[in-house]
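This report concerns a single protein chain.

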Amino acid sequence: MHFSTVLAISGVFYTAVSSVSGLGTSCSSPLGPGTAAPGDPYWLETINHQGIAAYNSDPTGYQVFRNVKDFGAKGDGVTDDTAAINSAIASGNRCGGGSCPSSTITPALVYFPRGTYLVSSPIIAYYYTQLVGDAKNPPTLLASASFSGMAVIDADPYIPGGGGAQFYTNQNNFFRSVRNFVIDVRNVPATDSQGTGIHWQVAQATSLVNIVFQMSTAADTAHQGIWMENGSGGFMGDLVFNGGKFGMWVGNQQFTVRNITVNNANTGVYSLWNWGWTFQGVHINNCQFGFDLATGGTTQATQTTEAQAIIDATVVDTPIFVRTSQPSNGRLGGSIVLNNIKLTNVPTAVGVVGGAVVLAGGTTTILSWGQGNIYHGTSTASTFTQGSIPAISKPSVLLDGSGNIFGKTHPQYASYALSQIVSVRDNGAKGDGRTDDTAALKAIFSQYAGCKIIFFDAGTYIVTSTLTIPAGTQIVGEAWSVIAGSGSAFQDQANPRAVVRVGDPNSQGVLEISDIIFTTVGPTPGAIVLEWNVQQPSGQNGGAGMWDSHIRLGGAAGTNLEANQCPSSGSGGTTNCFAAFLALHLTPASSAYLEGTWVWLADHDLDGDGQISLYSGRGILSESAGPVWLIGTAEHHVLYQYSLVNAKNHYMGLIQTESPYFQPNPAPPTPFSVNSSFEDPVFTSDLTSAWGLKVVSSSDIIVFGAGLYSFFSNYDQACITPATCQSQILDVDASSSISIYSLSTVATTFQLSVNGVGIVNQNQNINGFASTLTAWSPT
């Protein structure tokens, strides 16, 4: 389905519980569909906002939720609302202006009721900000004819007279979200590139969701929807771009993009540089170019687009689907993977600037095509290919009704009435970062699970024993509400315990989590931060899932794991710097849809100064038989970032990892021990760094885009150029069935190993700063 002026997911916010394992004591029946009348305001607008910033110097006085109309915005399409909107964002001594690199103690959810908001200069999105429009009637941000500035929304402004300095360091520009808007720049003269929707130079834990960009369709238009020149993202999805010179003009280390539509633009997506991007679900209609890629740079100094992976696209009435700036000339100089691309009246599927045709188009379907180095099994030799590559074996449980990889948008419950929502603070929880909220939260779930949407007002909720979220529960946070495990229950790494259990073991039902952070108050060497047990209802893909929710360990106020306790020198020791035993465990009977999830052991202090040395034993362990859809990032855990053991039916794309900066001092598993009950890998003396991805006895696994990075050896970066920061980073055992596409690695000698033996040496695949393996299959 294609869209022109309506929102990409209009009408898809409806989510009804159809299967629960048990209802709360107050429930006479499951929640069912929303009951809001068409004219009712969105529930988020009218719920009592009593969220707090627990570690702010004035936690009761600081305002988390801000309605822009309370700050003077009119939303009438006539009054200039720029100053009022920026006041709503900035008030409360928040983190912006260039003097504050990051902060978790000044969160804000800035809400825009329905209306048209005229702006004449950029809306400056401060650090740790969610900009949220009315999900029932998304508001319009209308650029005036005299608009002056980089973009309607600017997430990382350049400081005037600063010599290129910006508010934030791009690769550390975390925790931001923009959702539910129409951004209209058509009043800006068509030839003016200041007609840009969003300047989105961001990093992890960021999202753009449900946004329509309206731009000029003039032949000489310079308008663009998204402009991004740097960063280390991130997720965006459910976006529509109408008109413009570029729907998206992008350069960023890595990103995942799901469900975008570009209509009547000159170029759908222009890519200046990357290490690896994955696009899932792309619709290009009546553009000149679908994707225009700068390619050919194979050194850090000449960095261009290293890896572009596109799955499930429809392209209509567009002369060229993919165009590269340079011919490959028989060698790697920009990897491309295309899978399930349906062309209608597209003469050239893949071409080169100047007119050369690499792959003819027409009205046809590209099943599986690649440009780059292709590997098989244990062979160390590659074949450079511009043509068909091994097709993905796609288990039907991972697909939607059209045969595409399944996707599900961030739930916002737009059709639900305020009477169908309950607040945890209204029901006894404090969220003040000090009070033990375990009993209160357990009581709330016991009373309301399955028949109310449970709203976690902004705050930090301390739990001192395992908190189970029952199957049938839907929870929503506010500016990333925090659930933090603390205390004696989580001290024994020989007997680890879950902080939060998502469903009882072997339970089944709808379970949705959005806008929540899970963490610990250290030291907690025995904490399993999130144990995921729930299985989605039969026939309801994505019924058990998590959106814009993260596991963040240490490096933030209130965690007791900051620079003062655990500096990078190691002087804090290990005993006081344990953050977790395991961050996320997908148990055998579970299923999970995880979109935009960041599982981060902090490498630096977001509320302090400098790098830190913390210890989390394991990142993501999946023993799930599936289905599992995993779009996310896991970084800095000691043994591994991702481990798949006896797992089945997984789609992973894009996944991104970083190895701990302190390794090999100590080398894994130190300061933890190998625990066979959790299927830990065994480390021989030559394996001195964590695995990015380890796959054992698993089947039907699809990795469609991966960036596995190692930047340090004991905090030293001399290892980057010779690619010796670690020896191996991805290992697959011979019994597993897995397809790997568009794998980029940094500073690791062997990109891929089989049975612990390095197979693919990075020196065969240098593709810029990173090295890229275009495809590998077991046979």
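Is Cys-566 buried or exposed? At 0% relative accessibility, Cys-566 counts as buried (buried means under 20% relative accessible area, exposed over 50%, partly exposed in between, with a 1.4 Å probe and protein chains only).

## Basis of the model

This is a predicted model, in which local features need pLDDT of at least 70 and side-chain atom pairs count only at pLDDT 80 or more, while totals for chains, interfaces and linings use all residues. Residues are numbered from 1 along each chain as its sequence is written, and side-chain values use heavy atoms, leaving out hydrogens and water.

The chain averages a pLDDT (the predictor's confidence in each residue, from 0 to 100) of 96, and 97% of the residues score at least 70.

## Disulfides

A search of the whole structure finds 4 disulfides, each a pair of cysteine sulfur atoms within 2.5 Å. Cys-566 and Cys-577 form one of them, with sulfur atoms 2.0 Å apart. Its S-S torsion is about -100°, so this disulfide is left-handed. Cys-577 is buried, with a relative accessible area of 0%.

Cys-719 is joined to Cys-725 at an S to S distance of 1.9 Å. Here the torsion is about 85°, so the disulfide is right-handed.

## Helix 3

Helix 3 covers residues 438–448, and its buried residues include Leu-441, Ile-444 and Phe-445 (helices, H or I of at least four residues, and strands, E of at least two, are DSSP runs numbered from the N terminus). Just after helix 3, Gly-450 takes a positive phi of about 95°.
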